[in-house]
Amino acid sequence: MTSIIPISSRRMIVGAVAALGLALVLVIVIAMFTASQTRSKRLEKAANNGNAAAQFRLSLRYEYGQGVPQSYRKAMVWCRKAASAGDTNAMTAIGWLYQRGQGVPRNYQKAMTWYRKAASAGDTNAMTMIGWLYQRGQGVPRNYQKAMAWYRKSVNGGDVGAMYDIGLLYAHGQGVAQSYAKALTCYRKAAAADVSQAMGAISTLYEHGWGVRKSYQKAMIWLRKAAAAGNAIAMYNIGWLYEHGRGVPRNYQKAMNWYRKSAAGGSKHAMMGIGRLYAHGLGTGQNYNMARVWFRKAAAAGDVHAIYIIGYLYAYGKGVPRNYQKAMRWLRKAAAAGDVQAMEGIGNLYAYGKGVPRNYQKAMRWLRKAAAAGDVQAMYGIGYLYAYVKGVPRNYRKAMDWYKKAAAGGNASAMNNIGMLYYRGLDVPRNYQKALAWYRKAASAGDAEAMDNIGWSYGHGLGVKRGYHETMAWFRRAAAGGNTDAMGSIGFRNRSRAIVANLAHKRGFPII
């Protein structure tokens with residue numbers, strides 16, 4: 001049916017409705033804010049009259065900024081008043097504020113003191129938190145048996161949610177014999193009580209096949225349950241499964257949607273995930289500017305590796321003008337927080353004199369820090385400095401040692417360079433067969449330079465029977481991997497092959 005209302009009029013009506021809808025939303029928001037303020041004033045009046053329940057509820061409003069300006073300090077003030085009147089929830093809340101360092105300096109001993117007060121009055125949340133402190137050794141010596149005892153007290157007092165914490169002890173074998181089966185039983189009981197962390201823990205068991213048959217599909221089912229309960233970590237994990245195509249068809253758009261939901265709930269991992277998708281152009285146009293925005297959010301939320309990534313973006317000029325000084329500042333922040341890749345990055349900046357004066361001694365110190373923390377790229381870097389850099393005493397034996405450490409960690413460049421040391425006979429007997437064996441290991445790990453070296457070995461019969469077809473096959477693989485030497489070798493050998501073919505044709509020789 002054709003509308004009898006003119007198009008221009010219909011547009012005016014739609015616009016008016018949209019404007020009315022926006023105005024209505026504003027009215028509702030203002031009304032809700034006014035109502036919240038009114039309730040806060042009523043609570044404050046009751047709290048000032050000594051009502052302990054009102055004092056505790058008012059403390060929660062200050063803690064979360066509901067109807068009043070957010071203030072942990074004022075939350076603590078009202079919690080103390082409620083606690084002095086015997087409110088056990090307030091006692092537990094004071095312990096939580098001390099444990100988190102909100103409104104007061106962090107103090108696990110004082111947190112434990114307040115939890116014990118609340119627990120002695122029967123507060124099961126406080127019992128769980130005492131177990132939590134014992135499990136992690138915060139404010140008290142770590143003691144898994146005491147942690148278990150307090151978790152069980154909490155469960156016996158009616159807090160089924162503490163079954164999740166008991167499940168964690170069984171899953172990790174802390175204070176009890178390790179048992180995924182018992183962990184799963186505990187998680188299921190907690191999940192039945194709507195503990196979203198337990199739902200997430202069940203998904204982890206299915207994802208890895210711990211105590212159950214591995215199933216990404218079942219992992220996804222439990223993650224969705226946890227996400228429906230508002231668990232931001234579960235939302236992130238759903239996004240991760242979509243990003244990597246585990247149990248579901250790979251779908252970067254769905255990954256992005258779930259990461260955004262998780263990030264809205266404060267997940268720094270999700271913020272990193274969004275930044276990663278933007279940086280690689282997965283499910284969205286590649287956009288380093290947006291990637292940097294999300295990496296900064298993740299860094300502000302406490303993700304140390306995000307700080308490193310920001311330094312990386314400045315070092316390579318991704319989404320920002322290349323700036324080695326800023327790169328160094330961000331890398332130092334990350335390294336100070338323990339990020340090993342940042343330590344390795346600082347070492348490289350010193351080695352190449354980028355943003356700082358070239359200093360091989362400082363480069364070596366930073367690379368050793370990273371290597372001591374298990375960074376295989378740093379191990380390779382140390383080997384490279386010993387083998388090739390004039391500012392470091394040349395020591396091929398040490399180079400070989402560090403290359404082998406890096407190779408054991410899967411570093412393909414180190415494997416290739418071990419082959420080069422055997423090829424050239426540097427502090428080891430020259431051995432083309434061993435050189436070729438290491439080239440092959442590196443090539444199988446994707447190293448294009450090693451592929452070029454294998455081609456060279458076949459071309460000159462070094463450690464292997466000379467073969468033109470094998471030579472060209474390896475050069476082509478290396479060239480496809482971006483190796484420019486191989487590209488040049490292909491062109492040269494094709495020209496040489498044409499010359500030989502022409503001579504053979506003139507002389508009647510067969511072409512091999």
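1. Residues are numbered from 1 along each chain as its sequence is written, and side-chain values use heavy atoms, with hydrogens and water left out. Because the model is predicted, local features need pLDDT of at least 70 and side-chain atom pairs count only at pLDDT 80 or more, whereas totals for chains, interfaces and linings use all residues.

2. The whole structure holds 9 aromatic pairs, where rings of Phe, Tyr and Trp (its six-membered ring) pair if their centres lie within 6.5 Å, and planes under 30 degrees apart count as stacked, over 60 as edge-to-face and the rest as tilted. One of them is the stacked pair of Y236 and Y259, at 5.4 Å centre to centre and 25° between the planes. This pair links distant parts of the chain, since Y236 belongs to helix 12 (residues 232-244) and Y259 to helix 13 (residues 252-264), 23 residues apart; helices here are DSSP runs (H or I, at least four residues), numbered from the N terminus. Both tyrosines, Y236 and Y259, are buried, that is, under 20% relative accessible area, with exposed meaning over 50% and partly exposed in between (1.4 Å probe, protein chains only).

3. Y308 and Y312 form a tilted pair, 6.5 Å centre to centre with 50° between the planes. The two are separated by about one helical turn because they are 4 residues apart in helix 16 (residues 304-316). Y308 counts as buried because its relative accessibility is 11%, while Y312, at 34%, counts as partly exposed.

4. Y380, Y384, Y388 and Y403 form one aromatic cluster. Charges also sit over rings (NZ of Lys or CZ of Arg within 6 Å of the ring centre and within 35 degrees of the ring normal): the charged end of K297 lies over the ring of W294, 3.9 Å from its centre, and that of K369 over the ring of W366, 4.1 Å from its centre.

5. The buried residues of helix 11 are A219, M220, W222, L223, A226 and A227, and what covers them includes helix 9 (180-192), helix 10 (196-208), helix 12 and helix 13. Just after helix 11, G230 takes a positive phi of about 95°.

6. Where does S457 lie, and which residues does S457 touch? S457 lies in helix 24 (residues 448-460) and counts as buried because its relative accessibility is 2%. Leaving aside residues up to four places away in sequence, S457 touches L436, Y439, L462 and V464, contact meaning heavy atoms within 4.5 Å.
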